[in-house]
Amino acid sequence: MNWDETTDETAPERPVGPAADRLVGSAADGDDQAVEAALRPKDLDEFIGQEKVREQLDLVLKAARARGATADHVLLSGAPGLGKTTLSMIIAAEMSAPIRITSGPAIQHAGDLAAILSSLQEGEVLFLDEIHRMSRPAEEMLYMAMEDFRVDVIVGKGPGATAIPLELPPFTLVGATTRAGLLPPPLRDRFGFTGHMEFYAPAELERVVHRSARLLDVEIDTEGAAEIAGRSRGTPRIANRLLRRVRDYAQVRADGIITREIAATALAVYEVDARGLDRLDRAVLEALLKLFGGGPVGLSTLAVAVGEERETVEEVAEPFLVREGLLARTPRGRVATPAAWAHLGLVPPQAAGPATGQPGLFDA
Ligand SMILES: Nc1ncnc2c1ncn2[C@@H]1O[C@H](COP(=O)(O)OP(=O)(O)OP(=O)(O)O)[C@@H](O)[C@H]1O
C-alpha cells in the first residue's frame with residue numbers, strides 16, 4: 001500500500017505510546033483537567049480569538065433567546081485544545097441552561113444514548129465530544145432525536161421486538177469533532193450551525209497567557225507572555241500548560257516573575273524550542289536533514305532512524321511539522337523544506353541532490 005494514501009495532513013495529534021505525555025501534546029492530561037476548569041472563560045466576551053465563530057454563535061444564541069426557543073444544534077470542529085468544550089459550556093451559560101457532558105466513545109450502544117436523552121431537561125445542552133467515534137446504532141438514534149425530539153426505544157429481541165416511541169424535551173446538541181470529514185452527511189446536515197475552530201494567532205495566545213497568569217496569580221511581563229505564546233503551537237491548552245511549567249521554574253530558580261529570559265530558559269529546560277518543537281519533533285527533523293540529506297525518505301526508515309514507532313512519527317510529530325512548513329509529505333517520501341534547514345541552523349547540500357536519500361532506495 002502506498003503510505004501516502006493513508007496520510008491525512010490535517011489529522012490532529014493523537015498521543016501514542018511514550019509520546020502521550022509530551023509537554024506540547026494537544027490532548028488534555030490529568031494535570032490539565034484539574035486546572036482547566038479554573039481557566040475556562042465563562043462567557044463569549046471572555047472567550048479570546050475565533051472571531052468568526054464567536055460572532056456567528058452570538059447571533060444564533062441571541063436570536064434563540066429572543067424567540068424564547070432552544071438554540072439550534074451546534075457542531076464545533078477543530079484540533080484538540082482549541083476550546084470546543086469551553087464553547088459548549090459558554091453556550092449553556094448564555095442560554096441559562098444546564099449542560100450534560102459525554103463523548104462518542106462512551107456511547108457504544110443505542111441504549112446508552114437513549115438513557116441520556118430521556119433524562120434531559122427542557123433546553124438542556126448535551127455536549128457530545130468526539131462525536132465521530134459514536135457507534136452506528138447510536139448515531140442513527142441521534143438523527144431522529146435531533147430532528148424530531150423523539151427516539152424509538154426497542155424492547156425485546158428478535159421477531160417479538162417492538163419499538164416504543166419516546167418523546168424528548170427540546171434540547172441543544174453540541175457536537176465536537178477533530179475530524180469533521182469523518183461525520184456522515186446525514187448527521188452533519190442536522191446541525192443548524194457549524195463552527196470551525198482555527199489555530200490561534202500568537203497575539204491571541206498572548207492574551208490567553210496573560211488571562212491565565214492573572215487567574216493563577218502569577219506575575220508575567222509582556223515579553224514573557226509573548227515568549228510562551230510563540231512556543232504554544234497555536235493552542236490555548238498548550239499555552240496554559242507551558243505557563244504552569246514556566247511558573248514552576250520562576251518560583252524555584254528566580255523571583256517568581258516571568259520575563260522573556262525566564263520563559264526562554266525554563267522552556268529550554270523542558271526542551272521546547274523557540275518555535276514550539278519538542279525533542280521528538282527535532283529528532284525527526286534532524287534525522288531527515290543529517291542522515292538523509294533532507295529526503296525524500298520513507299516513513300518507516302525515518303521512524304527507525306529516530307527509534308520511534310511509525311505511527312508516532314506520522315501522527316504525533318509530523319502534523320505540526322507539516323503545518324509549520326518544515327516537512328512535506330510527497331509521493332516519493334518525506335522531504336525537508338528550506339525552513340527546516342534554517343530552523344536547525346544547518347546548510348542544505350548543494351544542488352548535487354540528497355546525500356544518501358536516492359528515491360526508490362528507501363521503503364514506502
Ligand atoms: N478562546 C479561549 N480563550 C481562553 N482560554 C481558552 C480558549 N480556548 C481554550 N482555552 C483554554 O484551553 C483549555 C482547553 O480548552 P478546551 O478543553 O475547551 O479544548 P477542546 O477543544 O475541548 O479540547 P479537546 O478536543 O481535547 O476536548 C481550557 O483550559 C480553556 O480554558
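This is a predicted model: local features need pLDDT of at least 70, side-chain atom pairs count only at pLDDT 80 or more; totals for chains, interfaces and linings use all residues.
Reader: Where is Gln50 found?

Author: Gln50 sits in the loop between H1 and H2.

Reader: What is the phi of Gln50?

Author: The phi of Gln50 is positive, near 50°, in a residue other than glycine. As a general point, most residues other than glycine have a negative phi.

Reader: Let me step back. How many helices and strands are in the protein chain?

Author: The protein chain holds 14 helices and nine strands. Its C-alpha atoms fill a box of roughly 70 × 55 × 30 Å, taken along the principal axes. Of the 364 residues of the chain, 38% count as buried.

Reader: What part of the contacts joins residues 24 or more positions apart?

Author: Such pairs make up 72% of the contacts in the protein chain with a separation of 6 or more.

Reader: And into which domains is the chain divided?

Author: The division gives domain 1 (1-20 + 278-364), domain 2 (50-196) and domain 3 (202-269). The centres of domain 2 and domain 3, taken over C-alpha atoms, are separated by 36 Å. Four residues from domain 2 and four residues from domain 3 take part in the contact.

Reader: What classes of residue are on the side of domain 2 that touches domain 3?

Author: That side of domain 2 has two nonpolar and two polar residues, and no charged residues.

Reader: What does UniProt list for residues 70-203?

Author: The unreviewed UniProt entry lists "domain: AAA+ ATPase" for residues 70-203. That span is 29% helix and 27% strand, and its end C-alpha atoms lie 35 Å apart.

Reader: Turning to the ligand, which residues come nearest?

Author: Glu36, Pro80, Gly83, Thr85 and Thr86 come nearest, out of 21 residues around the ligand. By class, the shell has 10 nonpolar, six polar and five charged residues. Helix H1 (30-39), H3 and helix H9 (236-253) each supply at least two residues of the shell.

Reader: Why does the ligand shell lie between domain 2 and domain 3?

Author: The shell lies between them because domain 2 (50-196) and domain 3 (202-269) both give residues to it.

Reader: You mentioned Thr85. Where does UniProt place the feature "binding site"?

Author: The unreviewed UniProt entry places that feature at Thr85, and Thr85 is found in helix H3. Thr85 counts as buried because it has 21 C-beta neighbours inside 10 Å. Leaving out residues up to four places away in sequence, Thr85 touches Phe127, Asp129 and Ala176.

Reader: How many residues of H3 are buried?

Author: In H3, 10 of the 11 residues are buried, so the helix is largely enclosed by the rest of the structure. Among the buried residues are Lys84, Thr86, Ser88 and Glu94. The buried residues of H3 pack against H2, S1, strand S2 (99-103), S3 and S6. Ser96 follows H3 and has a positive phi, near 50°.

Reader: How many residues does the largest nonpolar core have?

Author: The largest nonpolar core has 37 residues, and those with the most contacts inside it are Leu76, Ile91, Leu113, Leu126, Met141 and Val174. Several elements each supply at least two residues of this core, including helix H2 (51-67), helix H5 (136-148) and strand S6 (172-177). H3 gives the largest share, five residues.

Reader: What does Val174 touch?

Author: Not counting residues up to four places away in sequence, Val174 touches Val74, Leu76, Ser88, Ile91, Val125 and Phe127. There is also a second, separate core of 22 residues, which includes Val24, Tyr200, Leu243 and Ala266.

Reader: One last topic: which residues does a cis peptide bond join?

Author: A cis peptide bond joins Gly295 and Pro296, with omega about 5°. Pro296 is in the loop between helix H11 (279-291) and helix H12 (299-306).

Key:
Residues are numbered from 1 along each chain as its sequence is written. A nonpolar core is a set of buried Ala, Val, Leu, Ile, Met, Phe, Trp, Tyr and Cys residues joined through C-beta atoms within 7 Å. A residue is buried if 20 or more other C-beta atoms lie within 10 Å of its own, exposed if 12 or fewer, and partly exposed in between; C-beta atoms are placed from the backbone. Helices (H or I, at least four residues) and strands (E, at least two) are DSSP runs, numbered from the N terminus. Two residues are in contact if their C-beta atoms, placed from the backbone, lie within 7 Å. UniProt positions are given in the numbering used here, feature names are shortened, and annotations may be inferred rather than shown by experiment. A residue is near a molecule or strand if its C-beta atom, placed from the backbone, lies within 6 Å of it. Ala, Val, Leu, Ile, Met, Phe, Trp, Tyr, Cys and Pro count as nonpolar, Asp, Glu, Lys and Arg as charged, and the others, Gly among them, as polar. Domain bounds come from an automatic or database domain assignment.
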